[in-house]
Amino acid sequence: MAAKKLILVTSNGHPLDKVFREIVDEVSKELQLESEVKLEDYAFLSDYGEKDDLGLAWLPQLLAQKTDDQIVPILTQIPLDEKLKPDKAKGKEETIRKIKNL
């Protein structure tokens with residue numbers, strides 16, 4: 001595994017903040033990775049995160065710092081279940097898969 005740290009960029013008031021924080025907590029414990037939370041750090045996201053068609057970054061986004069210090073997006077949109085609700089289990093699964101494939 002080439003990741004050494006998870007970096008969550010979020011906002012306390014965002015509806016998906018809690019789900020992303022839970023994923024970060026669980027994955028960092030499970031994979032023994034350091035984690036960091038940045039609040040509304042759009043400058044960081046404009047450098048490393050995903051952006052929309054207008055070049056604007058959104059919150060929340062989960063990124064990983066690799067052992068070579070490169071920062072890559074891991075989970076930028078939460079998967080939805082059949083009722084179009086956030087699916088934390090799928091988000092966690094996708095996060096772990098992407099980290100293991102770095």
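**Entry 1: salt bridges**

I began with Lys4, which forms a salt bridge with Asp69, the closest N and O atoms being 2.6 Å apart. The model I consulted is a predicted one. I noted that this pair links distant parts of the chain, with Lys4 in strand S1 and Asp69 in the loop between S3 and S4, 65 residues apart. Lys4 is partly exposed at 35% relative accessible area, and Asp69 is partly exposed at 45%.

I then looked up the pair Lys88 and Glu22, whose side chains meet in a salt bridge at 3.3 Å, N to O. Lys88 belongs to helix H3 and Glu22 to helix H1, so this bridge ties together parts 66 residues apart in sequence. I recorded Lys88 as partly exposed, at 27% relative accessibility, and Glu22 likewise as partly exposed, at 24%.

A further salt bridge joins Glu30 and Lys92, with the closest N and O atoms 3.0 Å apart. Here Glu30 of helix H1 and Lys92 of helix H3 are 62 residues apart. Glu30 is partly exposed, at 47% relative accessibility.

I found that a network of salt bridges links Lys18, Glu22, Glu26, Glu30, Lys88 and Lys92. The count of salt bridges comes to twelve.

**Entry 2: nonpolar cores**

I next examined the largest nonpolar core, which has 18 residues; Leu6, Val27, Leu62, Ile74, Leu75 and Ile99 touch the most other members. Strand S1 (3-10), helix H1 (17-31), strand S3 (61-66), strand S4 (71-75) and helix H3 (88-100) each give two or more residues to this core. The largest share, six residues, comes from H1.

For Val27 I listed the contacts beyond four places in sequence: Leu6, Gln32, Lys92, Thr95, Ile96 and Ile99.

**Entry 3: Phe44 and its surroundings**

I counted one aromatic pair. The ring centres of Phe44 and Tyr48 are 5.0 Å apart and the planes stand at 50°, so the pair is tilted. Both residues are in helix H2 (residues 42-48), where being four residues apart separates them by about one helical turn. Phe44 is buried at 12% relative accessible area, whereas Tyr48 is partly exposed at 35%. I also noted Lys38 over the face of Phe44, at 4.8 Å from the ring centre.

**Entry 4: Gln61**

Gln61 is buried, with a relative accessible area of 0%. Its side chain reaches the backbone nitrogen of Glu50 at 2.8 Å. Beyond four places in sequence, the contacts of Gln61 include Ile7, Phe20, Leu45, Gly49 and Leu75.

Key: Residues numbered from 1 in each chain as written. Predicted model: local features only at pLDDT ≥ 70, side-chain atom pairs only at ≥ 80, totals over all residues. Heavy atoms only, no water. Phe/Tyr/Trp six-rings, centres within 6.5 Å; stacked < 30°, edge-to-face > 60°. Buried < 20%, exposed > 50% of the residue type's maximum accessible area, 1.4 Å probe, protein only. Lys NZ or Arg CZ within 6 Å of the ring centre and 35° of its normal. Core = buried A, V, L, I, M, F, W, Y, C linked by side-chain atoms within 4.5 Å. Contact = heavy atoms within 4.5 Å. Polar contact = N/O pair within 3.5 Å; in protein donor to acceptor, adjacent residues only side chain to side chain. Salt bridge = Lys/Arg side-chain N within 4 Å of Asp/Glu carboxyl O.
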